[in-house]
Amino acid sequence: MSLPVLPLGGVPEELRPPLMQWWERACALPALVDHYAALPSRLREELPRVAAASEFVESALLQDADALAWLGQNDESALRANADYEQRAASAPTPPEAEQVLREWRRREMLRIAWRDIAGRVSVTDTLRALSDLADACLRAAAAAARRHLEAPFGTARNADSVPVPFIVVAMGKLGGRELNFSSDVDLVFLYAQAGETDGARRIDNAEYFNRLGRDVIRLLDARTADGFVFRVDMRLRPFGDSGALVVSLAALEDYLQEHGRDWERYAWIKARAVVGESAYAAATQDFVRPFVYRRYLDFGVFDSLREMKALIAREVARRDLTQHLKLGAGGIRELEFIVQSMQLVRGGSDRRLQNAALLEVLPLLTGSKLLAKTAVQELHAAYLVLRKAENAVQMIRDEQTHALPDDPLDRARVALNMGVSDWAAALARIDAARRHVARQFAALVFGGADAQHKESEGALGWLAADGVDVGEELAAAGFPKDDIAPLAQLLDTYRHSAPYRRLDEGARRRVHVILGRLIKAAATRPAPAVVVQRVLRVVEAIGARSSYLALLKEQPPALDRLIDVCAISGFLAGQIADFPLLLDELIDPNAFDEPPSRAGFVSELAARTERLPADDPERQVEALRQFQKVAVFCVAFADLTGRLPLMKVSDRLTDIAELIVERCMDLAWDQMTQMYGVPYCSGGERIPRAVRVAVAGYGKLGGLELGYGSDLDLVFLHDSSGENQQTRGDRPIDNGVFFLRLGQRIVHLLTMHSAAGRLYEVDMRLRPNGKGGFLMTGIDAFERYQQEDAWTWEHQALLRARGRGRCAPVPPFRRSAQAHPAYRRASRYAARRRGGDAVAHAPRAVARRRGSIRHQAGRGWLGRHRISGAILGVGVGGRPAAVADVFGQYSPARRIGGGRRGRCGRGSMVDSSQHRLSHGTASSVAGGRRAGGRRGTLCRDARSSKGHLA
């Protein structure tokens with residue numbers, strides 16, 4: 001009988017002879033020939049290429065001819081088949097039967113994965129995920145089978161309350177990140193939730209029971225039988241390694257990590273992911289695993305430990321001659337993993353997006369985290385895919401756990417075929433290029449570049465800690481300018497005898513010596529070196545207790561250089577950094593100050609800081625807002641002091657920051673209140689109930705886009721609830737009035753509460769109708785009546801400066817309805833038309849009566865400095881807070897009276913042109929009128945100055 005003809009067009013010449021030898025053996029198996037004939041045409045065409053590239057595929061088909069038929073049925077997706085195998089293995093009556101099912105399953109699914117990978121029908125990431133999914137399912141099945149086999153003699157493990165105790169299997173390493181390679185072992189840690197004992201015929205304590213269970217799981221997966229093995233199991237990452245217990249309780253793991261956890265274990269536990277017992281492990285992750293791995297502050301100290309680990313690996317590579325090792329060699333997979341994991345350790349505590357076990361999901365985020373350039377991330381991403389493809393290609397040849405590039409010509413041809421290139425030279429060129437990219441990025445990150453490795457201690461002030469040293473002489477010997485030696489020597493001498501310096505441990509002191517050495521060298525070239533050093537020393541003293549910040553400045557020389565630049569520019573900025581060291585983070589990015597701050601940039605920054613925070617943790621949310629505020633204001637101040645941002649734009653940007661924070665606090669408050677009480681609705685008569693809309697009006701400098709660095713926020717809350725029925729819709733419905741009161745209180749609380757990073761803003765609510773005696777949140781109709789019937793003259797004046805439209809992108813339904821609301825139109829027009837002139841004439845005298853004089857009011861006119869404007873932060877229909885919306889905008893009283901442009905001094909505003917003073921009414925006072933400020937005094941209180949502007 002003639003052999004079926006194999007299409008060899010895609011197979012290199014050197015691989016055709018061994019392929020045909022295998023095909024002759026295959027055709028001796030009638031079942032395999034029959035299954036081949038029944039295959040879809042695409043699989044028949046792919047078979048020669050796949051078999052030529054993988055001896056594993058060839059041997060698997062010879063061992064299990066029916067696997068070819070199984071592949072034909074499950075080529076595109078094996079979900080149903082894998083689920084069936086998992087159920088069969090978990091319910092197998094005996095361990096040998098479970099072993100047989102698991103090994104058959106593994107062989108067939110690995111055949112399918114290798115086939116699709118070599119044929120080029122799936123991406124590298126698809127292959128890694130498929131291998132990880134198989135390992136997960138096999139672990140679940142093995143754990144279920146082992147537990148089933150222990151039930152008869154021992155029963156179920158229970159805690160003191162007789163509740164079943166779960167078994168937890170934590171995947172580490174590549175399996176933890178769902179990035180398992182083809183012939184990888186699986187790194188596991190076995191845990192159990194609580195102490196107790198079993199309830200079977202033979203009672204044993206839980207520790208012994210779960211140790212038996214763990215050994216049985218390993219045997220089911222790792223033992224070699226006639227059918228092979230499933231996965232090699234490595235348990236060395238468990239607490240205390242090989243000398244520790246095979247299975248430990250969660251409490252024992254917590255104690256271990258707190259008392260004995262080492263730096264390299266932080267890298268390992270980044271990848272930790274529960275495969276079995278996920279719900280039981282979730283609480284442990286939150287309570288003590290993540291706090292162990294991720295510090296809440298920037299943790300640049302990880303680079304010291306990373307250098308130590310790299311040195312150990314380098315010695316091992318040299319000892320075993322592993323220079324061509326895809327994993328451990330220079331520029332290999334391990335170095336690339338170190339790059340990403342070190343960035344996670346540095347920033348993961350402050351940026352929860354980085355708390356992810358999947359490398360390819362974290363890598364793109366590093367661009368936005370100011371640690372890697374976009375081009376570097378792109379290079380690393382491409383290099384990772386090349387190296388992992390090559391790794392799988394090498395391992396798919398014989399299903400061997402190897403990472404060494406082959407020397408055999410046939411194996412090299414197989415690797416090239418799998419990688420989709422013409423020959424070995426092309427494959428090696430692609431691999432070497434990837435390794436060069438990784439090695440360069442690793443050296444730059446961990447060692448500060450090729451030239452920096454041997455310069456770390458150059459110029460370090462090691463003599464600073466020596467007794468009896470003459471600081472002036474040391475500075476002179478270092479070539480410091482003679483005229484500046486005396487004041488600088490006094491500064492350094494004072495610092496080295498100060499308590500902050502004496503409290504430093506040896507490691508922190510070495511870092512300070514390196515930092516000061518670079519500082520002295522840089523300060524020598526500046527006009528006032530002693531002043532620069534004094535300002536930087538203030539920062540060093542402030543961060544001395546936090547070794548991570550010292551590590552940042554030592555590990556990132558460009559960041560230290562920018563700190564010196566900032567301190568040379570401004571003592572104010574230096575003080576900001578000393579008071580809030582997290583601002584050092586902004587100095588890492590070399591492009592951080594290239595572009596002037598913008599509202600769009602603030603929006604992106606705020607989203608990055610808050611998008612992964614838990615919604616049910618307002619304290620964390622507010623702390624993130626405070627950090628955002630500090631960073632944003634620092635950027636504005638830097639641009640201001642360097643002259644890159646004009647004064648008017650400074651006020652704009654500070655107002656943008658406040659608006660975004662108020663908007664976010666409205667989001668948080670609305671979410672919290674509606675979760676408790678439901679969304680407020682209202683209706684009257686036969687009308688269909690509608691959702692209530694809420695807004696907050698910004699007066700004063702917030703409304704006038706004129707916030708200063710220390711301004712508070714003048715806010716008035718409004719709502720449009722009306723009708724006979726006003727109640728929330730939820731599990732705990734309450735009257736809308738109560739809801740509005742609590743909502744307003746919550747917003748104010750979020751804005752004013754103290755967090756670890758301080759307070760957001762001072763909030764003043766006294767401009768609301770009836771001042772302190774009025775409702776915290778006022779209905780729009782009531783607001784209109786108050787303005788027409790009860791408001792004081794200066795309160796009408798407060799409405800004059802309406803902000804123009806188009807400043808933001810509000811929720812369209814709210815913007816249209818709010819701007820069209822009759823109350824807003826009538827109240828603002830009434831104030832402008834009926835009492836605008838009275839306000840102009842009456843307000844200065846009111847201030848004079850309260851203060852005695854108005855000499856403190858700079859500028860050409862009181863109203864030119866007293867910017868009280870109305871800007872609305874809205875909540876759209878259905879309850880979601882909208883972006884900032886100028887609901888007074890299209891009926892701007894400022895335009896009606898003075899035609900001014902945003903009410904800015906020097907921009908044609910009403911009060912800066914005396915010709916407008918009589919535009920709508922005389923300047924005479926109102927005889928017998930109410931005294932402005934006499935009832936609440938708000939007008940005079942707002943006459944505070946900030947950067948030459950009065951509130």
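Buried here means under 20% relative accessible area, exposed means over 50%, and partly exposed is in between (1.4 Å probe, protein chains only). You're looking at a predicted model, where local features need pLDDT of at least 70 and side-chain atom pairs count only at pLDDT 80 or more, while totals for chains, interfaces and linings use all residues. Residues are numbered from 1 along each chain as its sequence is written, and side-chain values use heavy atoms, with hydrogens and water left out.

**Stop 1**

Select C665: with a relative accessible area of 0%, C665 is buried. Now jump to C27, which is buried too, at 9%.

**Stop 2**

A pocket is worked out on a 1 Å grid over the protein atoms alone: it is an open set of points where a 1.4 Å probe fits, with protein on both sides within 12 Å along at least five of seven lines, and its lining residues have an atom within 4 Å of a point. Grid points are joined across faces, edges and corners, and the volume is the space filled by probe spheres set on the points.

The second largest pocket holds about 1,200 Å³ of space. Select D187, R236, L237, K327 and R334, the closest to its centre of the 31 lining residues. By class, that lining has twelve nonpolar residues (Ala, Val, Leu, Ile, Met, Phe, Trp, Tyr, Cys and Pro), eleven charged ones (Asp, Glu, Lys and Arg) and eight polar ones (the others, Gly among them).

Which helix gives the largest share of the lining? That's α14, with five residues. Helices (H or I, at least four residues) and strands (E, at least two) are DSSP runs, numbered from the N terminus.

**Stop 3: two positive phi values**

Go to the loop between α9 and β3 (186-192) and pick R178. Its phi is near 55 degrees, a positive value in a residue other than glycine. R178 counts as partly exposed, at 30% relative accessibility.

Then try D399, in the loop between α18 (374-396) and α19 (409-419). Phi of D399 is also positive, near 60 degrees. Is D399 buried or exposed? D399 is buried, with a relative accessible area of 11%.

**Stop 4: strands**

Strands pair here if DSSP finds at least two bridges between them. Show the open sheet of three strands, ordered β9-β8-β12, with antiparallel pairing. β9 (690-691) and β12 (725-729) stand at the edges with a single partner strand each, so one side of each is left without a neighbour in the sheet. β8 (679-683) pairs with β9 over two bridges; click Y681 and you'll find its bridge partner, A691, in β9.

Now move to β10 (694-699), where six of its six residues are buried. Both faces are covered, with V694, V696 and G698 on one side and A695, A697 and Y699 on the other. β10 pairs with β11 (713-719) in the antiparallel sense over six bridges, and A697 stands opposite V716 in β11.

**Last stop: α34**

Finish on α34 (780-790) and select I780, F783, E784, Y786 and Q787, which are buried. They cover an arc of only 160 degrees around the axis, which puts them on the same side of α34; that arc is taken from the directions from the helix axis to the C-beta atoms.
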